[in-house]
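Trainee: I would like to learn how to read strands, sheets and backbone angles in a model. Could we go through them one at a time?

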Amino acid sequence: MSFVQFSKVSLAFGDRDILKDASINLHKGSKAALTGANGAGKSTLIKVMAGLVKADSGERIAERGARISYLPQSGLVHSGCTLKEEADKAFAYGYEWQKEIDALGDRMKEEPDKAGQLALAQSELLAKLDESGWYRREALAEQVLLGLGFSRDDFAKQTEEFSGGWQMRIALAKSLMAEPDILLLDEPTNYLDIEARNWLEGFLSDFAGGFLLVSHDRYFLDHTITEVYELFGGQLRRYSGNFSHYEEIRAQELETLTAEYKKQQDEIAHLEEFINRFGYKATKAAQAQERQKMLDKLLANKIEIPESLKKIHFNFPPAPHSGQLVLTLQGLTKSYGGPAVINGLDIVVERGERLVVAGRNGAGKSTLLRILAGVDSGYSGTVRLGTDVAVGYFCQDNAEKITGQETILERLEAKAPLALVPKLRDMLGAFLFRGDDVFKSIDVLSGGEKSRIALLELLLRPVNLLVLDEPTNHLDMHSKDVLLDALRDFGGTVVFVSHDRGFIEGLATRVLELKPGSHRIFPGDYKYYMERLEAEAAGEIPPPAAGASASSSAKPPARQSSSASSSDDGSSGKEAWEKRKQEEAERRKLEKEVSRLESLIGAAEEKKAELENSLSLPEVYSNGEKAKEVQRKITELDGELERLNADWEAAAGRL
């Protein structure tokens, strides 16, 4: 079985420990995620796994002949050939094996006395080549490139014609096409739209090898991985299960950790107060020195709470009141000299809605948002804002306008309402500016950092219509959660585009689907929208004809979606959707309860096994009191297991 592992690996940069006695084992079938706060060293750990960074101590072992494919976060650029030719480079291993096979054939002619031995080596290589997928490389290349969003027309384009995000898609495609034994992927979803993420999710689910990946997309992780490694303070800890299960366990651990942290902080404050008050008094000098020793010991074992698990919440400034009709579009049409990108769009957005604009790249999503924000006026049709509507617009281009010599904190303090100034440090922390980062000069920030500042500045303004184009780019999972909570509580209206499915499902109340020249409106949430698309693809629901209302009587439950000439769906569809939504909520609740009970049963069974094993220990069976106590605990666990199993059967039966 192919594997790569390291044992008790340590690595430090200066006086900072990146890894401390870390151990990890990846093998065929491993489906693992690596998590930790920004700057914890996740990318460095993956480079150590890939053999690109040498550790200070410890051992890294990879099975001889194991093929390991590594994808960094960014920075890869391709040029000098077509996309198809670049993709073929992923199969370099096959060309090398083919050379070896040919060389062995030549040697058999030249060394007939070794023909048997050479023929055996050649047949092994041929079998290896056959198993690797070499002979279906053209079909595999097409499947992967199309899955990641390239078109067949792109195959003949020179690679230098592709932008930075598409360059990284090329690199990801090559990593997947190489069909390695072990995949190491650092933020593979960064440059992917939802369709490409969904495809990658399916690819990894079927992937025969093992993989370790870093991603800030919770939905993606929940549907691809079965174990989580957390890197914190240089130490690596493994959790079995998907990412949500890891977060549940970590939340429970955090309660205990937070209580211990508060207790320690109180002790530190008490000791510091004593030392400051009596340190210079001769009569108390000995006691002060003793307190200092106690303080030094506490500080040497200071409890730290992972940044990614700290709970931070903030609210937008109160949204100014607006009319019920916030936005009305009639016959909106936009083209760039060719066929219309947006054609005859009619839609009304009401106060309090969270409308997500969905569609593939090039469907006109960002174009529509620029029009709504008043940035693009080159269109026909009508865009009418409601009474007293104030628009706040965010897009990645906003980062280019962030300049100046002042620090991050100074800039935001100058723009924030007085009520929010005391919360700015927490808000900056939530958006990945922690500690001394807040004193960085604006001019030294990266594009991603400036983008986060632009988003924060928008959130400080009192507006009642937020138009957000990819607001979660450059945010980690914790920051997305903070933003999502704030947007849910926002008193105004939101129109947004995002490629993060978990974020969309947590926020959207209605879906506008754009396709080049056409559109449909879905009054339900994003989960309903995806179920509807799946049902259409499976033939359970016929897709609507262009320009006609879409109605269905198959799964998902009957609802209507409108096209360019239709209004919102009828009340019967909405009632059916509400009923399904309620049923889905109940089902998820039961699934969660079943999962919780299974975890408790597993823990109780493990504890019982430990106790039963301890009965065979001399120090237990030779001591009557100890043996009696162990047997009492086993009896208690039997009763608890009986109750838990009964509860599980009841919950599973209802499910």
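Trainee: In which sense do S5 and strand S6 (residues 182–186) pair, and over how many bridges?

Mentor: Please keep in mind throughout that this is a predicted model. As a general idea, strands of a sheet pair through backbone hydrogen bonds, either parallel or antiparallel. Here S5 and S6 pair in the parallel sense over four bridges, and within that pairing Tyr-70 has Leu-184 of S6 as its bridge partner.

Trainee: What is the order of the strands in the sheet that holds S5 and S6?

Mentor: The sheet is an open one of six strands, in the order S5-S6-S7-S3-S8-S9, and its pairing is mixed. Strand S5 (68–71) and strand S9 (235–240) stand at the edges with a single partner strand each, so one side of each is left without a neighbour in the sheet. On average, and with direction ignored, neighbouring strands of this sheet are turned by 15 degrees against each other.

Trainee: Which helix lies across S5 and S6, and which strands does helix H9 touch?

Mentor: Helix H6 (residues 164–177) lies across S5 and S6, and runs at about 165 degrees to S5. Helix H9 (residues 243–278) packs on the sheet, where it touches strand S3 (31–35), strand S8 (227–232) and S9, and its direction makes about 115 degrees with that of S9.

Trainee: Turning to strand S12 (residues 354–358), how many of its residues are buried?

Mentor: Five of the five residues of S12 are buried, a term that stands for under 20% relative accessible area. Both faces of S12 are covered, with Arg-354, Val-356 and Ala-358 on one side and Leu-355 and Val-357 on the other. Three bridges join S12 to strand S16 (residues 493–497), which runs parallel to S12, and the partner of Val-356 there is Phe-496. Four bridges join S12 to strand S17 (residues 510–515), also in parallel, and in S17 the partner of Leu-355 is Arg-510.

Trainee: What is the phi of Asp-21, and is Asp-21 buried or exposed?

Mentor: Most residues other than glycine have a negative phi. Asp-21, however, has a positive phi near 50 degrees; this residue is found in strand S2 (residues 16–27), and at 52% relative accessibility Asp-21 counts as exposed. Another residue to look at is His-474, which is not a glycine and has a positive phi of about 70 degrees. His-474 lies in the loop between strand S15 (465–469) and helix H15 (477–489), and is partly exposed, with a relative accessible area of 42%.

Key. Residues are numbered from 1 along each chain as its sequence is written. This is a predicted model: local features need pLDDT of at least 70, side-chain atom pairs count only at pLDDT 80 or more; totals for chains, interfaces and linings use all residues. Side-chain values use heavy atoms; hydrogens and water are left out. Buried means under 20% relative accessible area, exposed over 50%, partly exposed in between (1.4 Å probe, protein chains only). Helices (H or I, at least four residues) and strands (E, at least two) are DSSP runs, numbered from the N terminus. Two strands pair if DSSP finds at least two bridges between them. Axes are lines fitted to C-alpha atoms, for helices over the stretch in contact, and angles run from 0 to 180 degrees between N-to-C directions. Contact means heavy atoms within 4.5 Å.
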